[in-house]
Structure formats: C-alpha cells, structure tokens
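Work through the exercises below with the structure in view. Try each task before you read its solution.

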Amino acid sequence: MPARTIPLVPLQISNAKPRKKEYKLSDGGGLFLLVTPSGGKLWRLKYRFGGLEKKLALGAFPAISLAEARQRRAEAREQIAKGIDPSAAKKEQEAALLQEQETFEVVAREWHNQFSPQWAPRTAEAILLMLARDVFGEIGDKPLAAINAPMLLTMLRRIEARGAAYTAHRVRGLCGQVFRYGVATGRCDRDPTTDLRGALTPIKTTHRAATTDPKEVAPLLRMLDSYKGSLLVRCALKLLPLLFVRPGELRAMQWADVDLDKGEWSYMVNKTKTPHIVPLSKQAVAILREIYPLTGRGQYVFPSARTNARPISDMTMNAAMRRMGIDTKTEITGHGFRAVARTILDEVLGFRPDFIEHQLAHAVRDPLGRAYNRTAHLPERRKMMQAWGDYLDALKAGAEIIPLQQNRG
C-alpha cells in the first residue's frame, strides 16, 4: 500500500531552501510545491486527463498561499469531473484576457507601424490622421475581437451624416485591413467589415478627365505650348504629356537624377517603392536644357516660387491649365495624360502593351511571374518614347494621324 502523503504546513513551505537540483514538496491530491535552485517556489498540479498525465501551473509562493493553491486544486478537480481539461481552459482564459487588452487602437497602431515604411510619408500620415479622427474615438478602446458589424455601421453612419460618403468607404477599407492583420496575428477570428458590403451609401466614381482622341489631344498640346506664365510652369506642362509620369513624380524631379547627355531620368516610384527609368526623347531633353540655366544649380528641376527647398505644389499645373481655359473636369488633368499615352501608344502606334505598362511604372511581370527590373526592355522603351515625342510634335503641327509602323516594338 502506497505511503499516505502528509499535507504541507505554511512553516514548512517558508523554510524550504533551494538545493543544487529542483525538488518537490507534495501536499497530496496531485498538488506539490516545486523548489528551484534559484529559490523559486512554484505551485504545480499533476493530474490525468484523457488517459494522459498532465501538469498545471497554479502560481508562485508567496503570491499564491497554501490555502489558495488548495482552492485552485479543488477548482481544477471540478473541471476534470465535468470533462474539462484545466490546462486548456486556462489557455482559453488567458487568450480571452489578452484579447480584451488588444484594443482596436493598439492593433491599428501596430499595423500602421508595420506597413507605413512601404507607403509614401504623406500617405502614412493621412491614414493615421483618418483613423485618429474618425475611428479611435468611436471604437479605439474596444477589444478588437469584440467589435461587430453593427458597431462599425453606427460609426460609419456618423461619418456619412456629415456628408463624407467617400470617407466612410475609405474608413471601412482601413478598418478591414486592421481586422485582417488582427486575424493574421491571432487577435481576432474574422473581419466584420465584410458584413457591411452594400450597407453604405454608394459613391459615384468619377474618372480623371482624359480624352484619348488624337484630334482632341492636338489642340490641348498647342495650348500647353502657348502658356504665357512662368518658364518653369510652361516647361513642366510641356513635359507632362511627353513623359506621362504621375504629376507628383514630375514635380519632385531632381537634377541629380537626370542625365541629359545619356537621355535618362532615374528615380524611385513612391507608389511601388521601385526604381524606374524614363528614357528622355530629344524633345524632353531640349525642354530640360531650356530650364537648366534657371534651376540647374538647385535640387529640384521645378522648385517652388517661395522656396528652393521643395518643389512646386500639386495644384500648380492643373491651375495653369484652368487659367488657359482647359476644363480639368471634362477634358484633361495632369494625371490624365497617362491614359492618353497608354491608349494611343497601343491603339494608334501599335507598341507592345507590356512596354507601355512598364513605362507607366506599373507592376509588370514576365511569363515566369518575376518582376521586371528597371532596365527591362530599355532599348525598346527608348525607341517608344522617341516615337511618342515625334508623334506629339506631328499632332501639334496638324499632320494626319498615321501610325509609326517602323517604330513598333
């Protein structure tokens, strides 16, 4: 017959000294005190569940007294009697407690910190500002896992009520990204924003104005060439259709990135964080040489009129077009020249779509799924950009619209 375990007494626990190896002081019923070489005194419960021997940590002495450890043993025995594994139940309780501490704002800021290095600084700032203004005050202090679709809809309805339907849709999208990050990191089980599809007021999508009819493009080009404002803005307006880059990229052009002799402009695309090369046609080089005496000693090709430390504002070129009588809502915007180039290079001049997409700095991949590098098809793109410059010159001169078959890639 096995020896009967004598229950522990508080003095015995207090007087227990550490040894070279850890040892146990048993209280019976599977409860024991584990004394470690470092002097720690840890309550453990040995039990069997599902035919397997298991151990449950009950805390450390003196934070957990002998009486409290026995109470926890009794509670664990009750769970076992009900078919509940005490270790699994403890893990679930700890996970629930952690989720309560993982509020929407905590997870959202972690998500923002994780991904903001991939965004342009202005984008990162705008996203955090939108969350702080429209979301954190409503659901920021709520556990991520406790937020449901009705709670989100109430918040978004308040945004709609102030006439900001687009912002409501944008906020829903941002919240969805936070919840999906929460799912991936174990903070919640699902993204409740998916239940809101169709629940918000639809917004009318308007595309950036961009006529692609060559007969309509020609007079617009002549108007840009005849701009009577500053040389700096006139040169920027003339380069915009020639290079068909994003207006923000053109505004931020720096002389250090431009090689006039080689006929290339190299820069980092903010949207995709990838290096990009724009072959410069002889027309583009001529425009840049014209402006070089004015700004060539500074950082930016198109510096602000107020300070050389930053480029011209994002409204400068569209405002200049409006002053010339060009309707930037129905005819063309600075960004619209990208659509013009994409359409005409493909449908009129017959260049390969992948050459065009790569020159637009879009994500183009080869047949094996690999991203092209910045020098991919550079000789062909150089020919394409020169053909484009020649074609625009012909349009402005009133020539017949004849595809340049000899320049096809």
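This is a predicted model: local features need pLDDT of at least 70, side-chain atom pairs count only at pLDDT 80 or more; totals for chains, interfaces and linings use all residues.

**Exercise 1. The whole chain**

Task: State how many helices and strands the chain has, and what share of its residues is buried.

Solution: 
- Start with the elements. There are 16 helices and seven strands.
- Next, take burial. The chain has 409 residues, and 42% of them are buried.
- Finish with contacts. Among those with a separation of 6 or more, 59% join residues 24 or more positions apart.

**Exercise 2. The largest nonpolar core**

Task: Find which residues have the most contacts inside the largest nonpolar core, and which element gives the largest share of the core.

Solution: 
- The largest nonpolar core holds 56 residues. Leu 243, Phe 302 and Trp 388 have the most contacts inside it.
- Elements giving two or more residues to this core include α9 (214-225), α10 (231-243), β6 (264-269), α12 (282-295) and α16 (378-397).
- The largest share comes from α10, with nine residues.
- Zoom in on Trp 388. Beyond its neighbours within four places in sequence, Trp 388 touches residues including Pro 241, Leu 242, Phe 244, Val 340 and Leu 349.
- Another core, of 30 residues, lies apart from the largest one. Among its residues are Phe 104, Val 107, Met 130 and Leu 144.

**Exercise 3. Helices α10 and α12**

Task: Decide whether α10 and α12 are roughly parallel or antiparallel.

Solution: 
- Take the angle between them: about 155°. Their axes lie 10 Å apart.
- Apply the cut-off. Angles over 145 degrees count as roughly antiparallel, so α10 is roughly antiparallel to α12.
- The crossing of α10 and α12 is left-handed.
- Locate the meeting residues. On α10 they include Leu 231, Cys 235, Leu 239 and Leu 243; on α12 they include Ala 284, Ile 287, Ile 291 and Leu 294.

**Exercise 4. Helices α4 and α8**

Task: Work out how α4 is oriented relative to α8, and which residues meet.

Solution: 
- Find the helices. Residues 104-115 form α4, and residues 165-184 form α8.
- Their axes come within 9 Å and cross at roughly 90°.
- Angles of 65 to 115 degrees count as roughly perpendicular, so α4 is roughly perpendicular to α8.
- In α4, the meeting residues include Phe 104, Val 107, Trp 111 and Phe 115. Their counterparts in α8 include Leu 174, Val 178, Phe 179 and Tyr 181.
- Link back to Exercise 2. Phe 104 and Val 107 also belong to the core of 30 residues.

Technical notes. Residues are numbered from 1 along each chain as its sequence is written. Side-chain values use heavy atoms; hydrogens and water are left out. Helices (H or I, at least four residues) and strands (E, at least two) are DSSP runs, numbered from the N terminus. Buried means under 20% relative accessible area, exposed over 50%, partly exposed in between (1.4 Å probe, protein chains only). Contact means heavy atoms within 4.5 Å. A nonpolar core is a set of buried Ala, Val, Leu, Ile, Met, Phe, Trp, Tyr and Cys residues joined through side-chain atoms within 4.5 Å. Axes are lines fitted to C-alpha atoms, for helices over the stretch in contact, and angles run from 0 to 180 degrees between N-to-C directions. Angles under 35 degrees count as roughly parallel, over 145 as roughly antiparallel, 65 to 115 as roughly perpendicular and the rest as oblique. A crossing is left-handed if the near helix is turned anticlockwise from the far one by less than a right angle, and right-handed if clockwise.
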